[in-house]
Amino acid sequence: MPVTALAESMVKLPLPGGPDERAITTAFPQKGALILQRTRPPLLETPMDVFDRSIFTPNDQFYVRWHWAGIPNEIDVNSFRLTVHGHVNRTVSLSLDELLALPQMELAAVNQCSGNSRGYFQPRVSGAQWSNGAMGNARWTGVSLNPVLDRAGVKAGAVQVRFKGLDDAVLPEAPKLMKSLAIDHARDGEVMLAYAMNGEQLPLLNGFPLRLIVPGWYSTYWVKMLNDIEVLDQPDTNYWMKTAYTIPDTPHASVRPGETGFKVVPINRMVPRSFITNIMAGERLQAGAPRLVRGIAFGGDTGVARVDFSSDGGKSWQQTQLGKDEGKYSFRQWQLSFTPIAGAQALMVRCTSSSGETQPDTPNWNPSGFMRNVIEQTPVVAA
Amino acid sequence: MWRKLLPVALITVSVLASLAAYAEQKLSLKSVSVDLPFGDRMFPDGPGADLVNGNCLACHSVGMVLNQPALSEAQWRTEVEKMRTAYKAPIDPKDVDKIISYLYDLSHR
């Protein structure tokens with residue numbers, strides 16, 4: 001969250017040990033100013049101040065993450081087809097018009113990369129060196145997955161549903177990105193196929209024309225440019241389920257650095273997080289003068305019950321006032337007026353979810369840099 | 001009679017028109033054609049730079065690598081082996097150590 005502007009075209013992310021400088025880019029189609037983590041395939045991060053302006057992240061500053069560089073740069077809405085096949089009564093191929101004619105649903109949901117905030121893991125780990133902006137919140141409009149599966153008729157004995165998009169690896173032997181959900185999860189009525197975000201068609205880099213929405217779960221499941229749904233009668237053992245995107249089967253997915261031999265499971269539901277969005281690390285505050293502090297929180301796979309704020313490094317906490325509830329999977333704004341006392345201090349914010357889960361005060365660690373949700377600290381000086 | 005009906009009729013027409021506009025806006029998708037930046041920067045000079053340029057840049061641009069922290073040699077070995085075995089980078093086994101050495105030096109500059 002503490003992002004210092006260096007020049008118009010650069011930012012400094014306070015990643016321990018560096019490298020900490022990144023370019024701000026406007027070079028990507030349908031996209032505004034974003035933090036450049038990688039050009040090809042694109043990894044683009046949302047700057048923290050964007051989250052201060054609205055709990056809905058604008059499409060043109062919504063973060064971007066692709067695994068393979070074979071991204072189609074043209075999509076024809078008339079010839080695009082979504083195929084549903086596998087352990088079904090009949091293979092069906094649906095046009096966008098056919099999907100648009102199905103009953104529409106809409107929900108607000110946070111999309112967050114499994115490795116959001118990986119750059120803050122200590123000891124540091126390899127992977128995209130994100131600050132806290134590999135996340136965004138949008139109103140997703142589309143159709144529930146369940147009736148789409150019914151078009152094909154799921155056969156008895158189905159165990160999982162596997163999703164593929166139009167993107168491809170450059171090398172043909174490399175594993176195509178495929179993700180699977182348990183059949184009951186896929187049919188829960190909330191998992192949906194979105195053809196719009198925040199009231200407009202998706203930017204190509206966010207998965208136009210169709211993206212899987214898995215509310216409350218990490219973005220690795222939110223398959224972009226979704227064109228293939230396969231019902232499986234066996235558990236999916238493809239690379240992206242069995243090897244990649246796995247977490248230690250331990251509390252907070254945490255292990256000791258160097259530890260081996262732990263059991264792993266596919267990453268799944270999100271956990272609560274919260275951020276200050278209007279005060280940056282290193283900022284100087286006026287001592288003795290009331291100051292409004294605000295930010296965003298989300299409960300993970302459930303709503304936000306409360307958000308507490310501390311201006312003394314976690315010794316004492318005050319409950320903040322929550323903003324409008326846009327649904328349990330959405331960002332929720334919080335705010336509080338506090339009076340800084342002279343000296344250096346750490347501002348902290350802590351979310352408790354509706355299921356009673358609270359952010360931990362010690363950071364988790366795993367070799368993939370997944371699922372960070374420690375209470376974040378913003379160091380400031382008041383004088 | 002007309003005086004009473006006209007405003008109602010006008011409101012009805014305008015509501016229908018805005019509903020139609022709303023529906024059209026919601027329900028019509030437009031084809032998209034874009035250009036994506038390629039990112040043709042090369043790796044900094046140094047022993048092994050040619051190998052890294054030749055083996056890595058087909059699948060990804062350099063930024064990802066330049067942004068990595070000072071990873072240990074063992075961490076870089078894990079990365080290179082993942083690229084080779086899982087992601088099928090056509091790296092000649094005899095070049096693996098040279099590539100690891102280049103990446104380690106780069107991340108510790």
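**Notebook: helix α5 of chain B**

I looked up helix α5 (residues 96-107) of chain B in this predicted model. The helix has 12 residues and reaches 17 Å from its first C-alpha to its last, close to the 16 Å expected at 1.5 Å a residue (1.5 Å times one less than the number of residues). Helices are DSSP runs of H or I of at least four residues, strands runs of E of at least two, numbered from the N terminus.

I noted the numbering: residues count from 1 along each chain as written, and chains are lettered from A in the order written. Local features need pLDDT of at least 70, while totals for chains and interfaces use all residues.

Next I checked burial (20 or more other C-beta atoms within 10 Å, C-beta atoms placed from the backbone). I found I99(B), I100(B), Y102(B), L103(B), L106(B) and S107(B) buried in α5(B). Down the axis of α5(B) they fall within an arc of 160 degrees, so they line one face. The arc uses directions from the helix axis to the C-beta atoms.

What covers this face? I found that the cover of the buried residues includes α2 (49-56), α3 (63-66) and α4 (73-86) of chain B. Contact means C-beta atoms within 7 Å.

I then took α2(B). Its axis comes within 9 Å of that of α5(B), crossing at roughly 105 degrees. That makes the two helices roughly perpendicular (65 to 115 degrees; axes are lines fitted to C-alpha atoms over the stretch in contact, angles between N-to-C directions from 0 to 180 degrees). A49(B), L51(B), V52(B) and N55(B) meet K98(B), I99(B) and Y102(B).

Notes:
Predicted model: local features only at pLDDT ≥ 70, side-chain atom pairs only at ≥ 80, totals over all residues. Buried ≥ 20, exposed ≤ 12 C-beta atoms within 10 Å, placed from the backbone. Contact = placed C-beta atoms within 7 Å. Parallel < 35°, antiparallel > 145°, perpendicular 65-115°, else oblique.
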